[in-house]
Amino acid sequence: MKKVFCLLPGLLAIPVLALASTGMPGPSELIDFTGTIYGYLGIGFFVAAYLLVPLENIIHLRKSKPVLLAAGIIWILVALAYISIGDIHTAHEAIKDSLLEYAELLLFLLSAMTYINAMEERMVFQALRAFLVSKGFSLRVLFWITGLLAFVISPVADNLTTALLMGAVIMSVGGDNKKFVALSCINIVIAANAGGAYSPFGDITTLMVWQNGKVNFFQFFDLFLPALSNWLVPAICMSFAVDKTSPKVLNEKVEMKYGARVMIGLFLLTIITAVSFYNFLHLPPAAGMMLGLGYLGFFSYHIKRKEGRIFYYDNILGARKKSTIKVSLSILQDKTHAQITEIINDLPTPAFILNKEHVITHWNSAMEALTGVSAKDKIGTRDQWKSFYPQERLLLADMVLESGSKKRINKFYHGKNLPNKFLDSAYEVSDFDPSLGEKGRWLYFASAPLKDENGQVAGVIEIIEDMDEGQETKTFFDIMESISRAEWDTLLFFYGVTLCVGGLGQFGYLGLVSTFMYGDLGPTAANIIVGGLSAVVDNIPVMFAVLKMNPAMSHGQWLLVTLTAGVGGSLLSIGSAAGVALMGSARGIYTFGAHFKWMPVIMLGYAASILVHLFINSHLM
């Protein structure tokens, strides 16, 4: 062991000896560290980390974790390599470039994912699914409809969301017809990946190509016919194996929530904004997407007012407070009876107010929803007890109004009450109410005296919270929660990939690969190989590596590699996020083997898409 530690400094000094005769590099030169211990270790850590990525669903280790670890270690090695030749600046500037590139993509994707999550919360996708399963289409018609919708939706939404949505439709109507479900899942994966290839919004790889300026927004549509052929050729072949029978009609109806259609419009406006930022203002598209997130932020404020939560802040990154009643209690501080009566209807929690004679003066809309009794039937009466108890008795509000006798409160709520820490003469109680709902509900309620401008008690308010867990998130829209539900594992995985590939490029490995693939083999062969690699290795690192290589090739070749990296993942079920997701949701039916069985016709579609591109876009090659 001691010999190993003695040899280690000598191994780390190899680059110094190798470069001693060349002198210090210029700022734009890339030092070749491919034959050094630093480079070998970097490659080793990257390969070891990436071997764990396909095993995510087997060993239950998130794919982001190994690549994050590898990224950090690789850049330590990069820094040590440059320090060993006396250069303390190059590694610093290089990692800043990688971080900036990642930051732009992160902000872009974060905005897009937030919109998708928000529309999902507003039941947009569920409504589309319910519409399809209730129309009584035959299995073959449904096969074509779900494939077509996947092809059309994925250019705007991501292919993962699209695949899961269409897959849910197939599994709802397919039932026990495993052959139909498997074939339709294959069709959906191919269509979603093909649809994502002709739009910068359809996949992370196309987004990278767009943001790097290799293809502008409208030039992506040159790939429409090649992408269409990639889906149609295998779809036509597989459709003959699908029955023409009609499944049992499912009577399912889902209503979109308030604001859903406006959100769809805002998402389209956000896309237009991002494109305009890039094409007309020459600013990063990510800045336009973040402006679009601002659109959604202001609209979410409107929804919050509509839902009666005007006094609530959206929780940071969707973290839920244990008790919303605490917020309502904090609103009461330093407010008079008159001020409270003006805002009671804006309180998100059920509340009512009694005057000094114990007569109900206010019964807000949340109270109406909880009890099922309208305000007009309550105001002016002393029937507050009827909504909670079978026989007349004092409520907490009645007791607090009468100077809050601790003895009396203990009599009715022994062991269930405590004084409020912030409001004078206020009490909090939890109790079970058997009269609410089918099985009764646990309620948490608080009551505080209300005083006039002279400090005299003018009435009392009682605020109630349903402690049923299902009530916590029943209708409320929270933009911060939509942000928190972004695919953070994917975003962190992409961070790791970006820095890993950037670090290996700094060692000089990407230059070697670029020389072999795009120099010796030629760009057409190289770009076709890229598509094959993306079926085995995630297409994100493959495309990022090509962009870092930045080979000199025509616009038509950049379109070709965009196409192949996008649709190549359809060759195997593990080659794309859409395929992996459907294998999980249709477990045991859509499998690696079921997909592999149809690989010959999928390859036929892959070849067809390349030939169509070479033919119709020959002037760009």
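## Overall make-up

Contact here means heavy atoms within 4.5 Å. By that criterion, among contacts in the protein between residues at least 6 apart in sequence, 69% join residues at least 24 apart. This is a predicted model, in which local features need pLDDT of at least 70, side-chain atom pairs count only at pLDDT 80 or more, and totals for chains, interfaces and linings use all residues. Residues are numbered from 1 along each chain as its sequence is written, and side-chain values use heavy atoms, with hydrogens and water left out.

The protein has 29 helices and 6 strands, taken as DSSP runs numbered from the N terminus (helices H or I, at least four residues; strands E, at least two). Of its 621 residues, 52% count as buried; buried is under 20% relative accessible area, exposed over 50%, partly exposed in between, with a 1.4 Å probe and protein chains only.

## Helices α6 and α7

Two packed helices are described by the angle between their axes and the distance between the axes. The axes of α6 (residues 90-121) and α7 (residues 124-133) come within 5 Å and cross at roughly 55°. Axes are lines fitted to C-alpha atoms, for helices over the stretch in contact, with angles from 0 to 180 degrees between N-to-C directions. α6 is therefore oblique to α7 (under 35 degrees is roughly parallel, over 145 roughly antiparallel, 65 to 115 roughly perpendicular, the rest oblique).

I116, M119 and E120 of α6 meet V124, F125 and Q126 of α7. By class, this contact has 4 nonpolar, 1 polar and 1 charged residues. Ala, Val, Leu, Ile, Met, Phe, Trp, Tyr, Cys and Pro count as nonpolar, Asp, Glu, Lys and Arg as charged, and the others, Gly among them, as polar.

## Helices α24 and α26

Helix α24 (residues 523-536) and helix α26 (residues 555-567) have axes that come within 8 Å and cross at roughly 20°, so the two are roughly parallel to each other. On the α24 side, the contact is made by P523, T524, N527, I528, V530, G531 and S534; on the α26 side, by Q557, L560, V561, T564 and A565. The classes are 6 nonpolar, 6 polar and no charged residues.

## A hairpin and a buried serine

Strands β1 (residues 351-355) and β2 (residues 360-363) run antiparallel and are joined by 3 bridges; pairing requires that DSSP finds at least two bridges between two strands. I353 stands opposite H362 in β2. The hairpin has 4 residues between the strands, and H358 takes a positive phi near 70°.

S184 lies in helix α10 (residues 178-197). S184 is buried, with a relative accessible area of 0%. Not counting residues up to four places away in sequence, S184 touches F143 and I170.
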